[in-house]
Amino acid sequence: MNILRLEDLVAQGKVANQRVFIRADLNVPQDDAGAITEDTRIRASVPAIELALKGGAAVMVTSHLGRPTEGEFKPEDSLAPVAQRLGELLGREVPLVSNWLDGVTVAPGQVVLLENCRLNKGEKKNSEELARKLAALCDIFVNDAFGTAHRAEGTTYGIAQFAKVACAGPLLAAEIDAITKALEAPKRPLVAIVAGSKVSTKLTILQALSKNVDGLIVGGGIANTFMLAAGLKIGKSLAEPDLLGDAKAVIEAMKARGAEVPIPEDVVVAKAFAADAPATVKAADEVADDDLILDIGPKTAARLAAQLKSAGTIVWNGPVGVFEFEAFSKGTEAIARAIAESSAFSIAGGGDTLAAIAKYGIEKDVGYISTGGGAFLEILEGKTLPAFEILAKRAAGG
């Protein structure tokens, strides 16, 4: 995908003395007192800001936080805690600017944080009037917020239409590169892991991937539905019997291409969904009527691990069992370790996936960890994200 990149503009000396507007994703979790409980997104935004400052730009940064009502400021919607944390990370004070639409005072070499952009009327609906006002604030617009790339809003799309120059920051550019490497030009075999509680929420992803991947590993409640489709009994496990036809169609689509959806040959079951429920390993065709399948069994885990170790590219979205419960975490751990040990290029995304990566400490062994949940899923569905589309259009002179 051809887009302009902030790194290139800085290298060419094109951001010196320019007003640079960075749309970051600083939507961090907070406790009841407003204190930030996890700052990954703020830390991930620092390289773009430092790059623009190094290039001699006057830097404005904004983000949404939570779900504020447009036009109605409430203290809990303020980016004040973010400004403080960002200042600590940058080693300089980051002033927070309110009511900034009619103009911002910032000098080259300085950075300011513009208050929650979703407080501006027309942000969510991407009003043209707002978009033109936003574009008038800057010489260069930088989108560095992959987490919002699937939304066409004022600060993610509209401003990119009207700004003099629109480019991608290092975080967004890295996502585009990783996704291109994994899905558009993958080293084969390409193996995807799609897991979660429901087929319905991932059906379009499964259908899109079945046209492209060499192996499609399903896990969690999704695997239960596929087991049903393969004629196996699943007891009282979570499944969606009304989607058996869709599951069968995915299996057939893969088979027609000489690829497969591996069905579990053994599973870990319990009589109740609880951390302390006794876990029993059973062959996939021996599941009792009162059993709950909560993980894949050791034989299945070993078979999938071998498949992952010999892959060329791996896409991972979702744990394959209830990995939060120790007794039902072995399958997800085996998958995680196999991905870590594989020489394949791997890209992982989704909240539960990131939690599993953190739990098993394999962050450094995954090729790329995607920062956007919804955006990552829409990419897997084969959709072109609005933020990507407008940046590519502007790069092509549109």
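1. Trp-100 counts as buried because its relative accessibility is 2%, where buried means under 20% relative accessible area, exposed over 50% and partly exposed in between (1.4 Å probe, protein chains only). Phe-21 is likewise buried, at 0%. Before going on, please keep in mind that this is a predicted model, in which local features need pLDDT of at least 70, side-chain atom pairs count only at pLDDT 80 or more, and totals for chains, interfaces and linings use all residues. Residues are numbered from 1 along each chain as its sequence is written, and side-chain values use heavy atoms, with hydrogens and water left out.

2. There are four aromatic pairs in the structure; rings of Phe, Tyr and Trp (its six-membered ring) pair if their centres lie within 6.5 Å, and planes under 30 degrees apart count as stacked, over 60 as edge-to-face and the rest as tilted. Phe-21 and Trp-100 make a tilted pair, because their planes stand at 50°, with ring centres 6.0 Å apart. Phe-21 belongs to strand β1 (residues 19-23) and Trp-100 to the loop between β3 (96-97) and β4 (111-114), so the contact ties together parts 79 residues apart in sequence. Helices (H or I, at least four residues) and strands (E, at least two) are DSSP runs, numbered from the N terminus. Together with Phe-141, Phe-21 and Trp-100 form one aromatic cluster.

3. Which parts of the chain does the pair of Phe-273 and Phe-325 link? This pair is also tilted, with 5.2 Å from centre to centre and 55° between the planes. Phe-273 is in the loop between β9 (266-270) and β10 (280-283), and Phe-325 in the loop between β12 (313-317) and α11 (330-341), 52 residues apart. Phe-273 is exposed, with a relative accessible area of 54%, whereas Phe-325 is buried at 16%.

4. Do look at Arg-132 too: its charged end sits over the ring of Phe-162, 4.1 Å from the ring centre. The criterion is NZ of Lys or CZ of Arg within 6 Å of the ring centre and within 35 degrees of the ring normal.

5. On the backbone, the peptide bond from Arg-188 to Pro-189 is cis, with omega near -5°. Pro-189 lies in the loop between α6 (170-184) and β7 (190-196).

6. Asn-17, not a glycine, has a positive phi of about 65°. Asn-17 sits in the loop between α1 (6-11) and β1 and is exposed at 59% relative accessibility. Asn-126 also has a positive phi, near 55°; Asn-126 is in the loop between β4 and α4 (128-136) and is buried at 18%.
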